[in-house]
Amino acid sequence: MNLKMPELISLAVYDGIPPKEEGQDPTIFWYWPQSVDKNLQLNEIGLYMTFTGFCRDFRSSQDCEFFQTDKSLTVFVNLGAEVYIGAKFNTNDASYHRQCLQSIRTFASIYHMFFPKPYRISPDDLLDQTTMANFEKYLEEMLGIFKCSPILQRIPPSLDLWTNCEEAISNVKSCICTLRTAAFIYKGRLIHSTMCTDDLIQIYLSCRANMPNLFPCAKTQPNQSSFKWIMKNFNRELKFKSTTGYPAIFVFKQLIGILVFSKFSDYSAAQNVLEPLFESLIVKCDSTIESEINASPSAYRDNGQTTMLRPIKEGSPFSNPNKNELLVDFLSSNHNQFVRLCGKTDASPDSWIFLEKDHNMATFLDGQGRTLDAAMTNYSEFVKAANFG
């Protein structure tokens, strides 16, 4: 998939409720670019309502998501209270469907991160004035979201990277106990995250989209050589898809760190415990990326009915380290959104079982390596081959 977004031609926010009287024009709440003739805007919205209305009449379980012509791709999202957004992109390439759909959904979720859902005022079903004012004041600033791909690639899994990042998170929690979630991104690729994926994309795209009034981030050099907070004094609690919190963002060289706290405070102490770890983290990231480039993938995925031996280790966090257990049973009893672990099997020759669970998706891999390092290499190759980035 090409991660470069196609050019946005127009963005329309309109009333999804059809006019009550025949011949009456549809209602346009906001349209960009404003230089487009009003009649052309109305013709375009009329076409949109034809598609969304058809789906409502004949496929009531699901709204119309997109339609494509030989010149453009238009995607839709319902912002709430039958307020629809239609974004038209300059492409006829079908491979952009998923990316553009995800982009407009992310646009809507970022809107809801800052503002409440629209609502109607009886008896005429007029849109509330607060929402109208938000459209006029902020939507043009938010258009930068459509320049950023809503798909974040991952650096191949590495136990060293995982350990390094978990140590960083633990160190921050030791000095600022209100840390709720965190994520680290290097050269535009995710290293490690304890966030819900949707929450991370919301914050990351808000940071990249250049929205100085809504989400002010300080500018940085292309390769920031020293630790710098680009968002530290944002004292407004934001509503993400899965939680709420106060974001703080820093950069170090090409590494971006996103922290979300349950309370607003002075986060300066976090720099003292984070900065010493990042030189080695960057070296490990570069090494992992280089290994990915040179790897020759060869692995498989099974159906989850894999028996693993939990690690026999003093102080193990598992309830019974000597018990053989089906991974599928472990998943059903584990309520964390993200889980990654490995264990040595009793197979001959030796092999290692890897498990990664991200929300409702899980990947299992028998590493078939006589050493953990060899098995880890196979696992990294597998993730590359399966395009889990």
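How many bridges join strand β4 to β5, and do the strands run parallel or antiparallel? Seven bridges join β4 (residues 73-80) to β5, and the two run antiparallel. The model is predicted.

- Strand β5 spans residues 83-89, and seven of its seven residues are buried, so the rest of the structure largely encloses it.
- In a regular strand, side chains alternate between the two faces of the sheet.
- Both faces of β5 are covered. V83, I85, A87 and F89 are buried on one side. Y84, G86 and K88 are buried on the other.

**Cysteines**
- The structure holds zero disulfides.
- The sulfur of C148 has its closest cysteine sulfur in C207, 9.4 Å away, which is too far for a bond. C148 is buried, at 4% relative accessibility.
- For the sulfur of C175, the closest cysteine sulfur is in C177, at 9.6 Å, again too far for a bond. C175 is partly exposed, with a relative accessible area of 36%.

**Surface patch**
- Y119, I121 and L126 form a nonpolar patch on the surface. Together they have about 310 Å² of accessible area.
- Y119 lies in the loop between α2 (97-114) and β6 (120-121). Y119 is partly exposed, with a relative accessible area of 48%.

Definitions and conventions:
Residues numbered from 1 in each chain as written. Predicted model: local features only at pLDDT ≥ 70, side-chain atom pairs only at ≥ 80, totals over all residues. Heavy atoms only, no water. Patch = residues over 30% accessible without salt bridge, like charges linked within 9 Å, V, L, I, M, F, W, Y side chains within 5 Å. Areas by Shrake-Rupley, 256 points an atom, 1.4 Å probe, with all protein chains shown as cover. Salt bridge = Lys/Arg side-chain N within 4 Å of Asp/Glu carboxyl O. Helix = DSSP H or I, 4+ residues; strand = E, 2+ residues; numbered from the N terminus. Buried < 20%, exposed > 50% of the residue type's maximum accessible area, 1.4 Å probe, protein only. Disulfide = S-S within 2.5 Å. Pairing = 2+ DSSP bridges.
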